[in-house]
Amino acid sequence: MPLDASLTFLGAAEQVTGSCYLLKLQNKQILLDCGMTQGENQITEWNKFRFAFRPKDIDYVILSHAHIDHSGLLPLLVAKGFQGKIYCTQGTALLLGVLLKDSVHLYLKDLDWQNKHLARQGKKLLDPVMAVQDVEQVLDYCQPVGYKQKVTVCEGLDLEFLDAGHILGSAIVQLAVKQGKAMRQLVFSGDLGNPATVLMPDPSPVRTADLVLMESTYGDRNHQPLQNTLEEFANALDEAHKAGGNVFIPAFALGRSQEILYYLGLLYHQGRLKQKMVVLDSPMAIEITKIYSELMAEFDRKDTKVLHGYGARDLQSFLPILRLASSMEESMAMNRISGGAIVIAGSGMCNGGRIVHHLKHNLWKSSNHLIFVGFQAKGTLGRRLVDGEKRVKLFGQNVAVKAVIHTIGGFSAHAGQDELVGWARMIGGQPRFYLVHGEPKAQLALQSRMVDYGLHCQIAEKGQQIKL
């Protein structure tokens with residue numbers, strides 16, 4: 001008897017961000033992730049956004065991890081009527097409070113600014129679609145589940161999380177969908193980690209599956225060897241030191257900032273870091289770094305061994321020249337430093353946050369260096385800078401791009417093509433693969449490679465519904 005179950009691709013289909021998939025199982029509706037699409041105006045995103053379902057009809061949400069493009073619409077989901085359970089790992093539950101509160105605070109701040117602009121024009125003001133209380137409700141709905149701990153979500157649906165090795169708390173979602181004697185193993189990879197990067201363990205293997213939703217962000221390329229990446233990073237920092245300017249690193253507060261602190265700590269202890277000051281200029285990154293310290297037991301053991309070998313108890317003590325810029329005044333002071341500083345600031349794609357203020361004050365100076373250490377999605381300021389735009393508009397002002405720009409892809413927390421294919425080939429059974437979380441070029445390349453290995457692989461289309 002076939003299963004009375006279907007899966008609909010609502011987000012991160014033929015694009016990288018906006019993760020959201022709807023599983024219908026008999027009379028239950030379950031969301032896999034509930035993420036924001038990045039690269040769009042956030043007020044427009046929030047106030048005009050319409051779910052492809054009624055939020056109050058959703059019974060459960062299962063989260064792969066805490067990144068906003070996987071979790072960011074949860075406060076809106078609650079504001080619109082969702083009252084179910086949210087299954088996630090302990091690390092994800094701790095991080096959600098930081099990320100979602102920050103996201104909603106930014107939304108409300110931007111909404112206030114836009115309403116002042118509308119008021120001056122005599123236009124109707126916009127009502128907020130959510131509040132900080134909705135984040136608190138999200139956290140109340142969270143049901144933390146440990147790795148390799150099997151739980152029953154509802155009748156006919158069992159859940160198990162495996163470590164995805166992407167960020168703290170990131171998970172591969174394994175679902176056993178059962179009805180009578182029929183059963184299907186549904187796997188959602190979430191974001192698979194890059195085994196070469198630090199802090200997180202390698203992605204866990206999946207024993208067997210019938211259907212796999214697999215990320216494909218770097219489906220068309222491999223990352224260069226980590227040692228080459230570190231050399232490239234060190235050379236860029238050295239070049240900036242010789243130029244007498246500052247270094248600005250746009251980095252996501254979650255995951256990438258902590259990895260960069262680790263690598264800077266390595267260079268410092270090797271005597272290769274010439275700059276006299278490293279500034280973590282992000283209240284959210286500072287708070288998340290503390291959470292990382294609390295859950296160091298989830299780190300890759302070989303990396304914690306390095307920390308302890310230098311007498312460090314956490315990432316902050318591993319880098320003695322690190323300064324934490326929590327306040328706006330401390331952040332603004334960075335723009336008065338003429339040289340010798342490394343500033344790590346959010347957001348990672350330059351679509352908001354303190355990095356944009358730094359770019360306004362520093363992008364036009366040829367002595368400064370801007371180092372991108374992560375993927376830049378289409379439509380973001382970061383992508384435009386990487387693609388070579390010579391002039392950008394920041395806070396209503398045209399700013400010339402004269403700073404030296406470096407793109408270092410080897411730091412990616414995502415698996416490259418070889419790792420993706422290797423992970424997929426280890427899965428037993430005869431799974432059908434649907435590629436998600438990737439741009440078309442990357443997906444086509446990965447699909448071709450997987451088909452060459454005899455794997456059944458399709459590219460998921462937005463709105464497409466498949467039967468389990």
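Modeller: The largest cavity here has a volume of about 30 Å³. This is a predicted model, in which local features need pLDDT of at least 70 and side-chain atom pairs count only at pLDDT 80 or more, while totals for chains, interfaces and linings use all residues. Residues are numbered from 1 along each chain as its sequence is written, and side-chain values use heavy atoms, with hydrogens and water left out.

Biologist: What makes a space a cavity?

Modeller: On a 1 Å grid over the protein atoms alone, a cavity is a set of points where a 1.4 Å probe fits but cannot get out. Grid points are joined across faces, edges and corners, and the volume is the space filled by probe spheres set on the points. One cavity of 30 Å³ or more is found in this structure.

Biologist: Which residues line the largest cavity?

Modeller: The lining consists of P250, A251, F252, R256, G348, V373, G374, F375 and Q376; a lining residue has an atom within 4 Å of a point. By class there are five nonpolar, three polar and one charged residues. For these classes, Ala, Val, Leu, Ile, Met, Phe, Trp, Tyr, Cys and Pro are nonpolar, Asp, Glu, Lys and Arg are charged, and the others, Gly among them, are polar.

Biologist: Let's turn to the rings. Why are Y21 and F188 called edge-to-face?

Modeller: The structure holds 13 aromatic pairs. In the pair of Y21 and F188, the centres are 5.4 Å apart and the planes stand at 70 degrees. Rings of Phe, Tyr and Trp (its six-membered ring) pair if their centres lie within 6.5 Å, and planes under 30 degrees apart are stacked, over 60 edge-to-face and the rest tilted. The 5.4 Å is within 6.5 Å and the 70 degrees is over 60, so this is an edge-to-face pair. The pair links distant parts of the chain: Y21 is in strand β2 (residues 20-25) and F188 in strand β10 (residues 182-188), 167 residues apart. Helices (H or I, at least four residues) and strands (E, at least two) are DSSP runs, numbered from the N terminus.

Biologist: How do you know that Y21 is buried?

Modeller: Buried means under 20% relative accessible area, exposed over 50%, and partly exposed in between (1.4 Å probe, protein chains only). Y21 has 0%, so Y21 is buried. F188, with 1%, is buried too.

Biologist: And what makes the pair of Y262 and F318 tilted?

Modeller: Their centres are 5.5 Å apart and their planes are at 35 degrees. Y262 is in helix α7 (residues 256-269) and F318 in helix α10 (residues 315-318), 56 residues apart, so distant parts of the chain are linked.

Biologist: What makes a set of residues a nonpolar core?

Modeller: The set must be buried Ala, Val, Leu, Ile, Met, Phe, Trp, Tyr and Cys residues joined through side-chain atoms within 4.5 Å. The largest such core has 85 residues, and F233, I249 and L264 have the most contacts inside it. Helix α4 (residues 90-120) gives the most to this core, nine residues. Apart from it lies another core of 35 residues, including L3, F9, L159 and L211.

Biologist: Why is K242 called exposed?

Modeller: K242, in helix α6 (residues 226-243), has 66% relative accessibility, which is over 50%, so K242 counts as exposed.

Biologist: Why is A341 called buried?

Modeller: A341 has 2% relative accessibility, which is under 20%, so A341 counts as buried. Its place is in strand β15 (residues 341-345). Leaving aside neighbours within four places in sequence, A341 is in contact (heavy atoms within 4.5 Å) with N246, V247, Q275 and M277.

Biologist: How do you know that N362 is buried?

Modeller: N362 is at 3% relative accessibility, under the 20% limit, so N362 counts as buried. N362 lies in helix α12 (residues 354-362) and touches F248, N335, N368 and A403, not counting residues up to four places away in sequence.

Biologist: One last stop, the backbone. What is the phi of C350?

Modeller: C350 has a positive phi of about 60 degrees although it is not a glycine. C350 lies in the loop between β15 and α12, and is buried at 2%. S347 is in the loop between β15 and α12 as well, and the peptide bond from G346 to S347 is cis, with omega near 10 degrees.

Technical notes:
1 Å grid on protein atoms, 1.4 Å probe; cavity = no way out; pocket = protein on both sides within 12 Å on 5 of 7 lines; lining within 4 Å.
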